[in-house]
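Please keep the sequence and the model in view while reading.

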Amino acid sequence: MSLTGAIQKYLIGTAGVDPQKFEQPDLKVSDLALDSLGLVEMLFEVEDQFGFQIPDPSRYQTMSFADMVADIERLVREQNDGKLPEIALTGTRAEAQ
Amino acid sequence: MSKVVVTGMGMLTPLGSDCASNFAAVLEPRSAVRKASDTLSVGLPNLLVAEAAVAPESLLDASYHGMDRATLFALVATQEAMGQARFAAHPDDAERVGVYVGIGFGGAHTLDGLYKRYFTALHSTTLPRKNPTVMHPLSVPRMMPNAAQAAVSMRYGLRGQSNTYTVACASSAIAVGEASRAIRHGSIDAAVVVGTEAMLTAGALVAWNALRVMAKPFEADVSASCRPFDRRRTGFVLGEGAAAMVLESATRAQQRAAPVLAEIAGYGCTSDAHHLTAPSPHGQAAAMRLALQEAGITPELIRYLNAHGTATDAGDVIECESVAAVFGSATSTLAMSSTKAVHGHLIGAGGLLELALAIMAMNSGSIPPTAHLDDPDPQCALDCVPLRARHGCDIPAVMSNSFAFGGSNASLIACRAAH
């Protein structure tokens, strides 16, 4: 699964975001209507998968969705010798905890 | 000073997921005490627990499922109480409605999960991408003791003075007492009061086991292992769950034509300043006397007392002594039982649950027995209603006692709504 797909899966399946929103090419992170805790919960799905904490989460609130995913991918690659490891995000809070 | 009335009650306990099923079970009596599952009883083969009858998630929208188990219990019990009180969310007078919660050990499941996750990642050699320092960002707000109060306040839009009381086994009795005083004194007009507890986790259970207060399995019938006031009592069984009450000033209840189940007439609370865990007859009796004084009634009117009755060796004897000292000649008309024999010890949730059961006894005229009381201890020389419920009783008022580790004693009195 792609990083974009995995994050979308979490947002739709667990955070309750309308799937149609992801059809907008210029989708903003703010359009997802996540509050500050919702945003860090979403990032935790990535952090848990890759074993590091993403810094300064509030900066994503002003980015486009695509830019946020690109930034997260950059951070993941930095942690993994430039590679993007296989992703198996579950999208369920129970397993995340 | 306003009178304070109960307009709704709710329960999710080892005995059932509503008030009716709980009251039926305590009258039957039907015990929910069982041997603990293998995952909980590692190294403790005799461990007993009373687990909630229903998974709270099954009664709540998925958006709540990440919350701590104690919060989930609180939300379920509150649903029933609000429904019974016909009390809708976001009332017009939201600033005058508070949420009062009693809980003994907040966040036990979240904390246990956090440690498990941390040490698993720390010591794992097969999970290369697991980092022990990456933790769920809501761990703290899920495990804070006031998480249940916050969840109930937000769900129903209640904005008045709201507090959480962590006073071990007296937590929710004190929450009821303090909420009723806040209403009586006019700082709020209504409160949702909740007692909740969820600490049937491996970590919490080994700690309780070390204190040597937990019941040993009764060989003939494991479900009969908690035996208050019986010669063969060996201690209590930890339970889990929640109970909730809607309290309102009599005026507010009357204005909206709400059903009135009882009046919270008296509350007494004392501190022993004596011993970390041992009970004190003086402190217990003082709490009961304060409650009687606040209610302005004599002990003769109280015909049912839901005892703290934990089935510990010392606790039951001292409670009987305290009750006898306070009630004097009125002990001849007093029926007292401990329902912990069947629902277990719900710690922070126990006080509110047991008061609610006592109110149901008052309103129905049916007194729950002390289950498993085959061989009454002569040192507990009160009418402890052994084995069988009594029906058709005239009960103008009831008392519920909750005595906590740390030496806090709380006693509550409820009267019929129009006494």
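B:Tyr118 counts as partly exposed because its relative accessibility is 31%, in what is a predicted model. This tyrosine is located in helix α3 of chain B, which covers residues 108–123. Together with B:Leu111, B:Tyr115, B:Phe119 and B:Leu122, B:Tyr118 forms a nonpolar patch on the surface. The accessible area of these residues together is about 440 Å².

In strand β10 of chain B (residues 302–306), four of the five residues are buried, so that the strand is mostly covered. Which strands pair with β10(B)? One of them is strand β12 of chain B, residues 397–403, which joins β10(B) in the parallel sense over four bridges. Within this pairing, B:Asn306 has B:Ser400 of β12(B) as its bridge partner. Another is strand β11 of chain B, residues 335–337, which pairs with β10(B) over three bridges, again in the parallel sense. Here B:Leu305 is found opposite B:Met336 of β11(B). In a regular strand, side chains alternate between the two faces of the sheet.

Side chains of opposite charge can pair when their charged atoms come close. B:Asp313 and B:Arg233 provide an example, with their side chains meeting in a salt bridge at 3.6 Å from N to O. B:Asp313 belongs to helix α10 of chain B, whereas B:Arg233 lies in the loop between α7 and β7 (238–239) of chain B, so this pair ties together parts that are 80 residues apart in sequence. Are the two partners buried or exposed? B:Asp313 counts as exposed because its relative accessibility is 58%, while B:Arg233 counts as buried because its value is 7%.

B:Arg233 has a further partner in B:Asp316, and the side chains of these two residues meet in a salt bridge of 3.6 Å, N to O. This pair, too, links distant parts of the chain, with B:Asp316 in helix α10 of chain B and B:Arg233 in the loop between α7 and β7 of chain B, 83 residues apart. B:Asp316 and B:Arg233 are both buried. In chain A, salt bridges that share partners join A:Arg59, A:Asp71, A:Arg74 and A:Glu78 into one network.

B:Arg232 forms a salt bridge with B:Asp230, and the closest N and O atoms of this pair are 4.0 Å apart. B:Arg232 is partly exposed, because its relative accessible area is 43%. B:Asp230 is buried, with a relative accessible area of 0%. Over all chains, the structure holds 26 salt bridges.

A contact to the backbone is found at B:Thr201. This residue is placed in the loop between β6 (190–197) and α7 (202–211) of chain B. The side chain of B:Thr201 reaches the backbone nitrogen of B:Ala204 at 3.2 Å. B:Thr201 counts as buried because its relative accessibility is 5%.

Between B:Glu28 and B:Pro29 the peptide bond is cis, and its omega is near -20°. B:Pro29 is part of the loop between α1 (19–27) and β2 (34–35) of chain B.

Which residues other than glycine have a positive phi? One of them is A:Asp56, where phi is about 50°. A:Asp56 lies in the loop between α2 (36–50) and α3 (65–79) of chain A, and it is exposed because its relative accessible area is 54%. Another is B:His90, whose phi is near 50°. B:His90 is found in the loop between α2 (69–84) and β4 (97–103) of chain B. With a relative accessible area of 52%, B:His90 is exposed.

Technical notes: Residues numbered from 1 in each chain as written. Chains lettered and ligands numbered in written order. Predicted model: local features only at pLDDT ≥ 70, side-chain atom pairs only at ≥ 80, totals over all residues. Heavy atoms only, no water. Patch = residues over 30% accessible without salt bridge, like charges linked within 9 Å, V, L, I, M, F, W, Y side chains within 5 Å. Areas by Shrake-Rupley, 256 points an atom, 1.4 Å probe, with all protein chains shown as cover. Helix = DSSP H or I, 4+ residues; strand = E, 2+ residues; numbered from the N terminus. Buried < 20%, exposed > 50% of the residue type's maximum accessible area, 1.4 Å probe, protein only. Pairing = 2+ DSSP bridges. Polar contact = N/O pair within 3.5 Å; in protein donor to acceptor, adjacent residues only side chain to side chain.
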